[in-house]
Amino acid sequence: MKSKAVVFVDVDESEFPCYSYREPHFKIAQELGLTCVTIAKSNRGFLSRLNRYSDRVVFLKELSEKNLADAVQELSSELAVLALFCYAGHAGPDGQIGVTVAKACQKLGLNYSSPDAISACNDKYLMREMLRDSGVPSVSYALCHTEKEITEGAIRIGYPLVAKPRFGARSAFIKKCSNEQELLSHYRYYQSHFCRTLSKNSFGHCEGEGDVRNTPGATLLLEEWIEGVEGSVECVMTNSQIFPLIINEKLLLTNRVGTILEDLLISPPSSFSPTQQQAIRNYAKKCISALMLDSAIAHLEFKMTNRGPIVIEINPRLGGLYVSSAFIDISGVDPWKIYLDILLGSPTIETQLSLAMNKATKNIAHYSMIALYPDRSGLYKGIESTQHLECNPKILEFELLPSGVQVNAEAEENYLLKCWARVEGSDDAQLLYQEVSKNTKPILE
């Protein structure tokens, strides 16, 4: 009898991982007795970390739909491949690997999200287009490629507005602009710095023609500014139902030259009433339905305005920071296992999620995510001491950025430290954030 296996396509080719995704899924898969296979490009660097939790690594010259399907079929001669997946929230120089994997899954008859839905989530312009066409409340927007188009688009939308790349990660080059001078300054900063960041491979590739083309370093999306309290919804979708499990409120945000950083979050939210929380969940369902995303976990960011929630973006993957711990502590399910259950077609998945939904909506215990960022760019060499973190009973988990990373403090997120904590409420979360900030001393050269 063939061993059952899952296959992950890894395109994170940076020296220091941009996200942790393959390893936690593989850890769960191996606990379930599954063989774990990683597929990667043959000409990539930093090969050693591909072996972590991998039973086998397969290298391909090109990660095309045909090559992936052929590789899985070849593996099927000795393994029963049950799932093919990847980090779908990635649009790199070779295109969107999530879309490529989705098409390969269609060819192989494996469970996965729709290629069009993944593309609509990663492409912030396409997301706005589909929400508009579906009649879901959104904002005015303009896709621009030159300074002339940017100034003209801003006049149509009005100030203040938000300028951001069409594709992206790590909140890179996102800025609120109040006038033309700020907008053009931000555009020039993006043009000159986009290739110097850890997220440099997340701006998509050159594609399309005319007004809807994408050129990394040139294409910029302008969006009407949304006034309100910012938050996120962590959603799980089967092939027939949407479960908006967890709502986070962003208590503290910091504006830098070219990014907006999330410093402190809390769940359950302190600013949204039960009626508003239900409105947020209903709105999240409408947004995800409009994009036709299923068989996935999604991280939806929004602002609660005086006319209801308005979406900022939808990511076709698990949220960052400690969202995985929020799933476990607040809803009682492990998101890494839940996603594998979706891909493997578990008959109990919707029962699990119904129970998780009930637990999450009744939860009254408060949890907080804390993130600390560098105050200047440089070579990060660690922090002086972690004793204050280890001895604080409120901090349940924490993680440091690996020493040796070159950080760009003004253009993107660089988590020097992230914490998951149990708190008494928003005031307690603020005090804990101040305490951690005061006692954490990063070493930057």
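The following legends describe close-up views of a predicted model.

Residues are numbered from 1 along each chain as its sequence is written, and side-chain values use heavy atoms, with hydrogens and water left out. Because the model is predicted, local features need pLDDT of at least 70 and side-chain atom pairs count only at pLDDT 80 or more, while totals for chains, interfaces and linings use all residues.

Figure 1. Helices (DSSP runs of H or I, at least four residues) and strands (runs of E, at least two) are numbered from the N terminus. Buried residues (under 20% relative accessible area, with over 50% counting as exposed and values in between as partly exposed; 1.4 Å probe, protein chains only) include Leu183, Tyr187 and His193 in α7. The buried residues of α7 pack against α6 (147-157), β8 (161-165), β9 (175-177) and β10 (220-224).

**Figure 2. The aromatic pair Tyr21 and Trp336.** Rings of Phe, Tyr and Trp (its six-membered ring) pair if their centres lie within 6.5 Å; planes under 30 degrees apart count as stacked, over 60 as edge-to-face and the rest as tilted. By this rule the model has 16 aromatic pairs. The rings of Tyr21 and Trp336 are edge-to-face, because their planes stand at 80 degrees, with the centres 5.9 Å apart. Tyr21 lies in the loop between β1 (3-9) and α1 (22-31) and Trp336 in helix α10 (residues 335-344), so the pair ties together parts 315 residues apart in sequence. Both residues are buried. Ring pairs also link Tyr21 and Trp336 into a cluster with Phe8, Phe26, Phe85, Tyr87 and Tyr339.

**Figure 3. The aromatic pair Phe272 and Phe302.** The ring centres of Phe272 and Phe302 are 5.8 Å apart and the planes are at 45 degrees, so this pair is tilted. Phe272 belongs to the loop between β13 (260-267) and α8 (274-291), and Phe302 to strand β14 (residues 296-305), 30 residues apart. Phe272 and Phe302 are both buried.

**Figure 4. Ala284 in helix α8.** Ala284 has 0% relative accessibility and therefore counts as buried. Leaving aside residues up to four places away in sequence, Ala284 touches Val233, Cys235 and Leu300, where contact means heavy atoms within 4.5 Å. Ala284 and Val311 are 27 residues apart in sequence, and their C-alpha atoms are 8.1 Å apart in space.
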